[in-house]
Amino acid sequence: MSCYHGEVINLSLRDVTILNKFKIIDIKKRFLGVVKIYTVELPSEKIEKIAKHFQSNMSTKLKKEWYITVHNRERIIIIFRTRIFDLSGKGITPVHGKTLDVSYAEDRENWNEMINYAKKIGIPNSQCDFLPEDFSKRTY
């Protein structure tokens, strides 16, 4: 795998220009274009440094907690403002708008810890899907 993909909501960042450092693969617009979900390509060899850089740039302006997902087929990194979870992607099948079912996850205990943390900080169940549905079929 030569890269990771990152799923980043513009409002989750203090400075959205951070995204210009990476190849933008896709932009989905929601709520009349106010919310933009960027899919960016991230180099594998710098992924830990990139994850910390995203974390330090996360916004608190809307008094809402956010997360950023960085993934390839094997590894999923969920970045919150105060924690980073590094998880296995094996056994994960996301469904948009539904809390991720981790029943068959290789890393089930850590996934459950991350989902519980997300709910504790106020992430709604409908936003606990964490991954695009096609993540296991993508070319990274």
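This is a predicted model: local features need pLDDT of at least 70, side-chain atom pairs count only at pLDDT 80 or more; totals for chains, interfaces and linings use all residues.
Student: How many aromatic pairs does a search of the whole structure find?

Tutor: Rings pair if their centres lie within 6.5 Å. With the whole structure searched, the number of aromatic pairs is six.

Student: Are the rings of F22 and F54 stacked, edge-to-face or tilted?

Tutor: The ring centres of F22 and F54 are 5.9 Å apart. Planes under 30 degrees apart count as stacked and those over 60 as edge-to-face. The planes of F22 and F54 stand at 40 degrees, so this pair is tilted.

Student: Which parts of the chain does the pair of F22 and F54 link, and how many residues apart are they?

Tutor: F22 belongs to the loop between β1 (3–9) and β2 (23–30), while F54 belongs to helix α1 (residues 47–56). Both residues are buried. The pair thus links distant parts of the chain, and the separation is 32 residues.

Student: Where do F85 and Y117 lie, and at what angle are the planes of their rings?

Tutor: F85 is in strand β6 (residues 84–88) and Y117 is in helix α2 (residues 108–120), so their pair ties together parts 32 residues apart in sequence. F85 and Y117 are buried. Their ring centres are 5.8 Å apart, and the pair is tilted because the planes are at 50 degrees.

Student: Which residue lies over the face of Y117, and which residues form one aromatic cluster?

Tutor: At 5.3 Å from the ring centre, R83 lies over the face of Y117. Y117 also belongs to one aromatic cluster, formed by Y67, F80, F85, Y117 and F130.

Student: How far from the centre of the W66 ring is the charged end of K64?

Tutor: The charged end of K64 sits over the ring of W66. Its distance from the ring centre is 4.8 Å.

Notes:
Residues are numbered from 1 along each chain as its sequence is written. Side-chain values use heavy atoms; hydrogens and water are left out. Helices (H or I, at least four residues) and strands (E, at least two) are DSSP runs, numbered from the N terminus. Buried means under 20% relative accessible area, exposed over 50%, partly exposed in between (1.4 Å probe, protein chains only). A charge sits over a ring if NZ of Lys or CZ of Arg is within 6 Å of the ring centre and within 35 degrees of the ring normal.
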